[in-house]
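I would ask you to look first at the structure on the screen, and I will then go through its architecture part by part.

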Amino acid sequence: MRTFLILNYGSSSIKIALYTENLSEIKKYNIKDINPENFEEHLKYITNIIEKDIDIFIHRVVHGMDHQSPFLIDDNGIEILKILADINPLHNKISLKGIEFFKDQYPYGVHYAVFDTDFHRTIPEYSRIYGINVDFYKKGIKKYGFHGISYSYVLRKISEFLNKKNPNLIILHLGSGCSICAIKEGKSIDTSMGFSPLEGLIMQNRS
C-alpha cells in the first residue's frame, strides 16, 4: 500500500500529514514559527519524524498562475516553479526549497504540486480584470485568488453539514494571511486577494 506525505508550506508554519492510499491517517504535525534563515533544519526535522518510505509527495504551492493541479514536479516542473517563485517570493520560494530538499532526499518518490490558485479558476473574467490597460491582463496581470485549498475544504465540509450540493457562501480564511471568498453554486466567483497574496484584508505581516 502506497504512502502519501502532504506538505503545507505556510508563511509562518509547515503542516505535514502522512496518509495511506485509502486515506487512513498515520501522523500529523504542525511546525510553528518557522525561520526562513534556518529552513533546512525544519525540513531535516520532518525527515526524522516520518520514519517511513514515502511513495508520493503532495506539496502545497501558493501561486500557480494558470497552471492546474495536480502538477507533476519533474525537471520541467521545477523550472516552472522557479518562475512562479519570482512572482510570489514569500510563499513560493519556501515551497520550492522544500520541494528540492525532498526530491533530493527521496529521489524514488513521485512529487506533485497543488496550487491555491486552482480553486479560483472559476472566477469570471469581469472579476479577474484590473482597471488598467488590457494588455497587462493579456500578459497575466489579473486576479488569481489564493487560500484555494482551504476554501475547497471548507466548502466540502459545509456542503456535507448543510446537505446541499452547491451552496452559496461567503467564506473567510483568517490566519497569518487573510482573505474572503464569494462562492456561488459551489464555485468561487470573487475573492479579496488578486495577482498576489498582498491584496485585500489587513493581515499579520502584509499591509
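The protein has 6 helices and 9 strands. Please bear in mind throughout that this is a predicted model. The radius of gyration is 17 Å, close to the 17 Å that the globule rule gives for 207 residues, so the protein is as compact as a globular protein of that length. Along the principal axes, the C-alpha atoms fill a box of roughly 50 × 40 × 30 Å.

Let me begin with the sheet of 6 strands. This is an open sheet with the order E3-E2-E1-E4-E6-E5, and its pairing is mixed. Which strands stand at the edges? They are strand E3, residues 25-32, and strand E5, residues 71-72; each has a single partner strand, so one side of each is left without a neighbour in the sheet. Helix H3 packs on this sheet, where it touches E1, strand E4 (56-61) and strand E6 (110-115). The direction of H3 makes about 165 degrees with that of E4.

Strand E1, residues 3-9, and strand E2, residues 13-20, pair in the antiparallel sense over 7 bridges. Here Leu-7 stands opposite Ile-16 in E2.

Helix H3 also has helical neighbours, and I turn to H2 now. Helix H2, residues 75-87, packs with H3 at an angle of about 155 degrees, and their axes are 7 Å apart. That angle makes H2 roughly antiparallel to H3, and the crossing is left-handed. From H2, the contact is made by Ile-78, Leu-81, Lys-82, Leu-84, Ala-85, Asp-86 and Ile-87. From H3, the residues are Pro-89, Asn-92, Lys-93, Leu-96, Ile-99, Glu-100 and Lys-103.

The next partner is helix H1. The axes of H1, residues 39-50, and H3, residues 89-105, come within 11 Å and cross at roughly 45 degrees. In which hand do H1 and H3 cross, left or right? The crossing of H1 and H3 is right-handed. On the H1 side we find Phe-39, Glu-40, Leu-43, Lys-44, Ile-46 and Thr-47, which meet Ile-94, Lys-97, Gly-98, Phe-101 and Phe-102 in H3. The residues of the contact of H1 with H3 comprise 6 nonpolar, 2 polar and 3 charged.

E7 and strand E8, residues 178-184, pair in the antiparallel sense over 6 bridges. For Leu-172, the bridge partner in E8 is Ile-180.

Thank you for your attention.

Note on methods. Residues numbered from 1 in each chain as written. Predicted model: local features only at pLDDT ≥ 70, side-chain atom pairs only at ≥ 80, totals over all residues. Heavy atoms only, no water. Axes fitted to C-alpha atoms, helices over the stretch in contact; angles between N-to-C directions. Helix = DSSP H or I, 4+ residues; strand = E, 2+ residues; numbered from the N terminus. Left-handed = near helix turned anticlockwise from the far one by under 90°. Contact = heavy atoms within 4.5 Å. Nonpolar A, V, L, I, M, F, W, Y, C, P; charged D, E, K, R; others polar. Pairing = 2+ DSSP bridges. Rg over C-alpha atoms; globule rule 2.2 N^0.38 Å. Parallel < 35°, antiparallel > 145°, perpendicular 65-115°, else oblique.
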